Protein chains: 2
Amino acid sequence: MSDAKKLRTHPQYELLYHPSIPGRGEFIRLCFEATGVPYTDVANEKPSGYDTVQSICMNTSLTSADSNPPVFAPPALRVPGAGADGKALVIAQTPSILMYLSERLGLAPDDEAATYHVYQLAFTALDLNNEVHDTHHPLAVAKYYEDQKDAALVKATDVRENRLPKFFSYFERTLRFNEENGGGEGKYLVGGRLTFADLVVWQVIDGLYFSFPKEMEARKKEYGKLLDGFYESVKQEGGLKEYLKSERRLPYSQGVFRYYPELDRQ
Amino acid sequence: MSDAKKLRTHPQYELLYHPSIPGRGEFIRLCFEATGVPYTDVANEKPSGYDTVQSICMNTSLTSADSNPPVFAPPALRVPGAGADGKALVIAQTPSILMYLSERLGLAPDDEAATYHVYQLAFTALDLNNEVHDTHHPLAVAKYYEDQKDAALVKATDVRENRLPKFFSYFERTLRFNEENGGGEGKYLVGGRLTFADLVVWQVIDGLYFSFPKEMEARKKEYGKLLDGFYESVKQEGGLKEYLKSERRLPYSQGVFRYYPELDRQ
């Protein structure tokens with residue numbers, strides 16, 4: 001599809017999220033980038049873009065914007081023309097935005113049962129994302145890491161030793177199930193083509209490689225289909241290959257995925 | 001609708017969850033109970049029912065049951081006849097199950113924008129549910145509370161002092177937005193009738209009243225529409241009034257919502 005065609009057939013999607021970090025916004029960016037559908041990353045692309053994000057998503061008034069109800073926190077998605085009375089639609093919550101986009105960007109399966117299986121995978125990976133966040137902030141989001149380091153060591157050890165194997169086993173078995181039943185060839189979690197579940201699971205694995213390189217290297221032997229085969233093949237999907245090398249792919253820093261050597265396997 | 005009619009028009013929904021606790025299964029029970037749609041709470045109603053739950057949701061094989069992919073953890077929903085080739089459908093993840101049921105039980109709005117606003121509310125309340133769980137288990141799910149009590153005191157204080165006001169403010173403002181725009185009369189978060197967002201938010205508030213009675217009593221003055229008006233009126237909806245007095249409504253004990261006086265406001 002030409003860029004002109006895409007601009008004609010898609011509304012101008014606006015991602016409202018914090019600037020400079022991949023964070024939870026990255027799950028949404030990957031949907032656009034994999035499918036080549038244009039979007040505006042408001043806080044990163046527009047002068048005073050973050051002011052816009054804050055005024056819509058981090059206010060204390062009765063509306064987010066454009067006659068939509070309040071938003072709890074970024075990320076949110078704004079879609080001009082898609083709301084009530086031709087106004088903009090503003091929706092929040094990562095899984096909700098992913099579902100909305102997946103139907104429009106071709107990242108959901110055609111049949112309903114498979115769609116709910118995509119949902120359960122994506123939501124489980126988002127749960128893992130939250131657990132990884134808590135490895136460096138187990139006691140309070142608003143406190144510094146240095147002020148909860150002892151607790152973080154205990155939490156990170158539990159996540160690495162007990163939680164990661166449980167999640168990885170589940171995703172690995174799902175890949176094998178699909179290989180045997182849906183023809184994913186080890187490249188897709190559900191069915192025979194890319195869905196947003198693949199993107200969400202991939203992003204969490206990628207973040208884990210950044211945060212816990214030693215742990216992941218050791219686990220790669222146990223969960224090779226997931227952490228090697230699937231992980232490498234998703235990088236080649238659609239627009240991702242170009243995106244992952246581009247400046248639009250923000251580096252990990254002080255967001256969900258952080259690298260503290262002391263929290264990794266010793 | 002008569003009970004006989006309901007039995008004819010709905011499949012036999014099976015809730016697969018741990019026995020004896022409300023837990024995350026309660027969000028799903030409330031959907032059935034509010035609408036009067038029959039369901040089987042497998043672990044609580046059937047001899048050796050928990051064996052069935054474990055064999056489907058807590059195994060390490062390539063399938064959950066009936067040619068469905070694996071399940072990460074309970075709750076799951078099994079719907080005979082709704083899957084591929086007339087087999088049973090098995091789906092997991094609380095938000096996914098709630099969405100599936102809401103379309104069939106009349107707990108979702110008619111228009112799409114409002115539906116996504118229901119999703120974002122329900123998902124935000126489920127996030128709060130997870131944060132409340134972590135007040136007594138901040139370091140490791142598999143460790144005893146007594147072995148992480150110091151950390152729990154810090155976490156619970158942060159949740160009570162910083163997180164609850166943020167969530168409550170959001171829900172309260174959404175109620176007020178809807179009252180001014182959708183006609184919910186303070187009884188509904190989105191539109192003019194009950195949705196599953198109301199049930200999920202209500203259940204988390206109810207659990208908080210159990211876990212943090214002093215904190216909630218103090219907060220009731222600040223967020224009266226939510227913690228008093230809305231909370232009381234939802235109890236009167238459809239089948240809930242009868243359900244909440246019945247033996248099917250399981251008492252809180254050692255699940256997500258626990259009462260440790262030392263974690264409450266002092």
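Guide: Let's start with a salt bridge: R104(A) pairs with E112(B), and their closest N and O atoms lie 2.8 Å apart. Please keep in mind that this is a predicted model. Between chain A and chain B the count comes to two salt bridges, and 21 residue pairs are in polar contact across the interface, both partners at pLDDT 80 or more.

Which elements of chain A supply this side? At least two residues each come from β4 (89-92), α5 (94-105), α6 (112-136) and α7 (149-181). The largest share belongs to α7(A), with 13 residues. Sorted by class, the side of chain A that touches chain B holds 25 nonpolar, 12 polar and 13 charged residues.

Now for the whole interface. Here 50 residues of chain A are in contact with 50 residues of chain B. The two chains bury about 4,700 Å² between them, and carbon and sulfur atoms give 61% of that area. On the chain A side, the residues that lose the most area to chain B are L62(A), F72(A) and Y116(A), together 17% of what that side buries.

One last stop is helix α5 of chain A, where S102(A) has its place. S102(A) counts as buried because its relative accessible area is 1%, under the 20% cut-off. Its side chain reaches the backbone oxygen of M99(A) at 2.9 Å. Leaving aside neighbours within four places in sequence, S102(A) is in contact with L107(A), A108(A) and F196(A).

Technical notes. Residues are numbered from 1 along each chain as its sequence is written. Chains are lettered from A and ligands numbered from 1 in the order in which they are written. This is a predicted model: local features need pLDDT of at least 70, side-chain atom pairs count only at pLDDT 80 or more; totals for chains, interfaces and linings use all residues. Side-chain values use heavy atoms; hydrogens and water are left out. Contact means heavy atoms within 4.5 Å. Buried area is the accessible area (1.4 Å probe) that two parts lose on being put together, summed over both. A salt bridge is a side-chain nitrogen of Lys or Arg within 4 Å of a carboxyl oxygen of Asp or Glu. A polar contact is a pair of N or O atoms within 3.5 Å; within protein, one must be able to donate a hydrogen and the other to accept it, and residues adjacent in sequence count only if both atoms are side-chain atoms. Helices (H or I, at least four residues) and strands (E, at least two) are DSSP runs, numbered from the N terminus. Ala, Val, Leu, Ile, Met, Phe, Trp, Tyr, Cys and Pro count as nonpolar, Asp, Glu, Lys and Arg as charged, and the others, Gly among them, as polar. Buried means under 20% relative accessible area, exposed over 50%, partly exposed in between (1.4 Å probe, protein chains only).
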